[in-house]
Amino acid sequence: MQAISAVEPVPTTPVVHAGRNWSRAFQDIREGIAARELWGHLGWQDIKQRYRRSVIGPLWITLSMAVTAAGLGLLYSQLFKAPVPTFLPYVTVGFIVWNFILGCLTEGADSFISNEGLIKHLPAPLTVYALRTVWRLTLMLMHNMLVYLAVLVIFFGSLTTDGYLLSEHGVPQPGIGWNIVLAIPAFFLIALNGGWVALLFGIISTRYRDIPQVIGALTQLVFFMTPIMWSTDLLTQRFGEGHSWAILIAELNPAYHFIQIMRAPLLGLQQSWHHWAVVGGVTIIGWALALVAMRNYRARISYWV
């Protein structure tokens with residue numbers, strides 16, 4: 001009988017779980033961005049479906065924003081004794097940007113839940129559904145910008161005056177100038193953050209269905225804590241320059257910085273680059289968290305929805 005030779009150990013390589021793979025996460029994002037015809041079409045269809053059989057269609061978006069901004073702008077200008085020609089545009093632009101941010105938070109959390117049927121039957125990157133949400137909100141913001149153009153035409157003289165005030169004894173503002181073009185990169189930066197918000201919160205919400213309700217409750221508090229219907233001038237006038245903690249109410253609120261990078265150039269407010277720094281830092285941290293979530297849980301979303 002032949003002697004049985006010892007079996008030599010076969011070298012093995014560590015097996016990477018298919019669901020936790022950095023390359024698959026990056027590939028999903030690349031392919032999702034490349035499929036712009038798909039998420040662009042789906043976003044358009046969302047707007048059309050929402051206002052189907054309506055007489056004025058998507059113009060309801062513009063009309064509702066105009067009524068809300070005009071009503072609250074006039075009311076709070078009287079409560080705070082602020083000049084209407086400058087305070088009303090301030091409230092209007094604040095509402096426009098806030099609505100986009102709010103949509104990214106609330107609708108972004110439902111990005112995968114609301115697309116359950118497509119996720120289970122359409123072999124498309126998951127990033128498509130996040131971009132669908134951001135694109136739909138972008139279309140709504142474009143409709144709302146018509147309100148800004150109307151306000152700009154009506155109060156153009158006041159907004160272009162060097163040294164105009166948002167409130168009595170407030171900080172003089174430089175007025176609208178060529179720096180208005182900074183609103184374009186500001187919007188793209190905000191939309192870029194909308195992408196990671198939809199991905200990260202969308203993944204978490206598919207696993208824990210209470211998250212959308214939590215986000216909805218917290219955003220109401222954030223709205224009143226954010227300088228949208230009030231300005232930081234009021235804090236300084238109420239508590240004085242020595243009470244720095246009062247200004248921290250706004251400075252520690254990320255939503256304030258996101259709104260300000262777009263509102264400041266559109267209204268000719270004082271530019272402060274620390275707003276851009278804060279938004280840039282949030283963008284990096286947010287996308288890092290979204291990539292980790294995509295790496296670890298991308299393969300499980302189809303089972304969770």
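This report walks through a predicted model, from its confidence to its helices, cores and aromatic rings.

## Confidence in the model

The protein averages a pLDDT of 88, and 91% of the residues score at least 70. Residues 1-18 are another matter, with a pLDDT below 50. Beyond near neighbours in sequence, that stretch has 3 contacts in the model.

Helix 2 covers residues 36-50, which makes 15 residues.

Which residues of helix 2 are buried? They are Trp 39, Gly 40, Leu 42, Gly 43, Asp 46 and Ile 47. These residues cover an arc of only 165° around the axis, which puts them on the same side of helix 2. The buried residues of helix 2 pack against helix 1 (22-34), helix 5 (116-121) and helix 6 (127-154).

## The nonpolar cores

The largest nonpolar core has 52 residues, and those touching the most other members are Phe 100, Tyr 148, Ile 190, Met 262 and Leu 267. Two or more residues each come from helix 3 (59-79), helix 4 (84-109), helix 6, helix 8 (183-207), helix 12 (254-267) and helix 13 (273-297). Helix 4 gives the largest share of this core, with 12 residues.

Leaving aside neighbours within four places in sequence, Tyr 148 is in contact with Val 93, Ile 96, Ile 176, Ile 180, Leu 266 and Leu 267.

Pro 89 is found in helix 4. With a relative accessibility of 1%, Pro 89 counts as buried, since the cut-off for that is under 20%. Setting aside neighbours within four places in sequence, its contacts are Val 84, Val 151, Phe 155, Leu 159 and Leu 267. Pro 89 and Ala 69 are 20 residues apart in sequence, while their C-alpha atoms are 8.5 Å apart in space.

Ser 167 sits in the loop between helix 7 (156-159) and helix 8. Is Ser 167 buried or exposed? Its relative accessible area is 2%, so Ser 167 is buried. Not counting residues up to four places away in sequence, Ser 167 touches Ala 82, Pro 83, Ser 231, Asp 233, Leu 234 and Gln 237.

## Aromatic rings

The structure holds 13 aromatic pairs. In one of them, the rings of Phe 95 and Phe 223 have their centres 5.7 Å apart and their planes at 45°, so the pair is tilted. Phe 95 lies in helix 4 and Phe 223 in helix 9 (residues 211-225), so this pair ties together parts that are 128 residues apart in sequence. Both Phe 95 and Phe 223 are buried.

Technical notes:
Residues numbered from 1 in each chain as written. Predicted model: local features only at pLDDT ≥ 70, side-chain atom pairs only at ≥ 80, totals over all residues. Heavy atoms only, no water. pLDDT = per-residue confidence, 0-100. Contact = heavy atoms within 4.5 Å. Helix = DSSP H or I, 4+ residues; strand = E, 2+ residues; numbered from the N terminus. Expected span 1.5 Å × (residues − 1). Buried < 20%, exposed > 50% of the residue type's maximum accessible area, 1.4 Å probe, protein only. Arc of directions from axis to C-beta. Core = buried A, V, L, I, M, F, W, Y, C linked by side-chain atoms within 4.5 Å. Phe/Tyr/Trp six-rings, centres within 6.5 Å; stacked < 30°, edge-to-face > 60°.
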